[in-house]
Amino acid sequence: MNSPNELKEITKFLLEYANRLMGSGVHTSRVVRNTRRIGQSLNVDVKMSVFPRTIVISVRDNITEEVYNEVSVIPSFPISFELNAELSALSWDAFDNHLSLSTLWEKYNQIISRPKMDPFCTMFLVGFANASFCALFGGDWTSRSIVFSATLIGFYLKQVMQKKHLNHYIVFVVSAFIASLVASSALTLETTAEIAIATSVLYLVPGVPLLNGVIDIVEGHSLTGCARLIQALLLVLCIAVGLSGTLILVKNGLL
């Protein structure tokens, strides 16, 4: 049996946990399953309503049947598959071992406070990945080098703008324009310039929101899924706008 104050603290933790998962790019049904699993380990019944920007959570004590409700705005966090896997493992750890709320908070804080990958390391890995896309589509070594350089510049600019909290649609337009503009330098060389320009912006493609949107719709969370797909499509449109800006500038070189 949980006292009213304990029920409030449980709700606070579950809401924090669900917000972290939703903001880090986890599909809705997984967030609901993990949160309810932790609730079961704490002897409470959890009901959730997940909307595109908010979460409504209702926690009911299984013995006293007292209910506590709370609403929270979903924050945005960097997408991290490692973090998501560890938080999911925490839900199973709580379910299997019936961890106390204080232990859950301790383990949760340990997970979210672990050092993140160095931004420059991430930038170089993204550069290599984008150069690999160029190779996959038939680009030669010169084009791959140019795409690698263009990705580094575009991704670094994207990181800087995100730190300044600029609108993410503007971030995508500018990043796509700069990366493709740098890649257009391939037009001055005897190389596969068209492939270099086309693949220079692929690092911006919002794969996670697109995938999560489809999963949410298939699993019945249509409102959240449609919102995610619309957001992803708007980002794709921003990429197209940035790339179009470069094509307008260098159209003579492509003819």
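Reply: Let us begin with a term that will be needed later: a residue is called buried when its relative accessible area is under 20%, exposed when that area is over 50%, and partly exposed in between. Please keep in mind throughout that this is a predicted model.

Me: How many helices and strands are there in the protein chain?
Reply: Read from the N terminus on, the elements run α-α-β-β-β-α-α-α-α-α-α-α-α-α. The C-alpha atoms of the chain fill a box of roughly 75 × 30 × 30 Å along the principal axes. Counted by type, the protein chain has eleven helices and three strands.

Me: What percentage of the 255 residues of the protein chain count as buried?
Reply: The term applies to residues with a relative accessible area under 20%. Of the 255 residues of the protein chain, the share that counts as buried is 42%.

Me: Is helix α1 roughly parallel or roughly antiparallel to helix α2?
Reply: Helix α1 covers residues 4–23 and helix α2 covers residues 28–41, and their axes, which come within 10 Å, cross at roughly 155°. Angles over 145 degrees count as roughly antiparallel. Therefore α1 is, in relation to α2, roughly antiparallel.

Me: Which residues of α2 meet α1, and what classes does the contact have?
Reply: From the side of α1, the residues involved are F13, L14, Y17, A18, L21 and M22, and they meet T28, V31, N34, T35, I38 and G39 in α2. Sorted by class, this contact of α1 with α2 has eight nonpolar, four polar and no charged residues.

Me: Which residues form one aromatic cluster with F13 and Y17?
Reply: F13 and Y17 were named above among the residues of α1 that meet α2. They also belong to one aromatic cluster, whose other members are W105 and Y108.

Me: How is helix α5 placed in relation to helix α6, roughly perpendicular or oblique?
Reply: Helix α5 (residues 119–136) packs with helix α6 (residues 141–163) at an angle of about 140°, their axes being 8 Å apart. Angles from 65 to 115 degrees would count as roughly perpendicular and those over 145 as roughly antiparallel. At about 140°, α5 is therefore, in relation to α6, oblique.

Me: How many charged residues are there in the contact of α5 with α6?
Reply: The contact includes F128 and C134 of α5, and R144 and F148 are among its residues in α6. By class, it has 13 nonpolar and six polar residues, while the number of charged residues is one.

Me: Are the rings of W92 and F95 stacked or edge-to-face?
Reply: W92 and F95 are three residues apart in helix α3 (residues 81–97), so about one helical turn separates them. W92 is partly exposed at a relative accessible area of 43%, and F95 also counts as partly exposed, at 32%. Their ring centres are 6.0 Å apart with 90° between the planes, and planes over 60 degrees apart make a pair edge-to-face.

Me: Does F148, which pairs with F128, count as buried or exposed?
Reply: The rings of F128 and F148 form a tilted pair, with 4.8 Å centre to centre and 40° between the planes. Because F128 lies in helix α5 and F148 in helix α6, the pair ties together parts that are 20 residues apart in sequence. The relative accessibility of F148 is 18%, and since the cut-off is under 20%, F148 counts as buried.

Technical notes: Residues numbered from 1 in each chain as written. Predicted model: local features only at pLDDT ≥ 70, side-chain atom pairs only at ≥ 80, totals over all residues. Heavy atoms only, no water. Axes fitted to C-alpha atoms, helices over the stretch in contact; angles between N-to-C directions. Helix = DSSP H or I, 4+ residues; strand = E, 2+ residues; numbered from the N terminus. Parallel < 35°, antiparallel > 145°, perpendicular 65-115°, else oblique. Contact = heavy atoms within 4.5 Å. Nonpolar A, V, L, I, M, F, W, Y, C, P; charged D, E, K, R; others polar. Phe/Tyr/Trp six-rings, centres within 6.5 Å; stacked < 30°, edge-to-face > 60°. Buried < 20%, exposed > 50% of the residue type's maximum accessible area, 1.4 Å probe, protein only.
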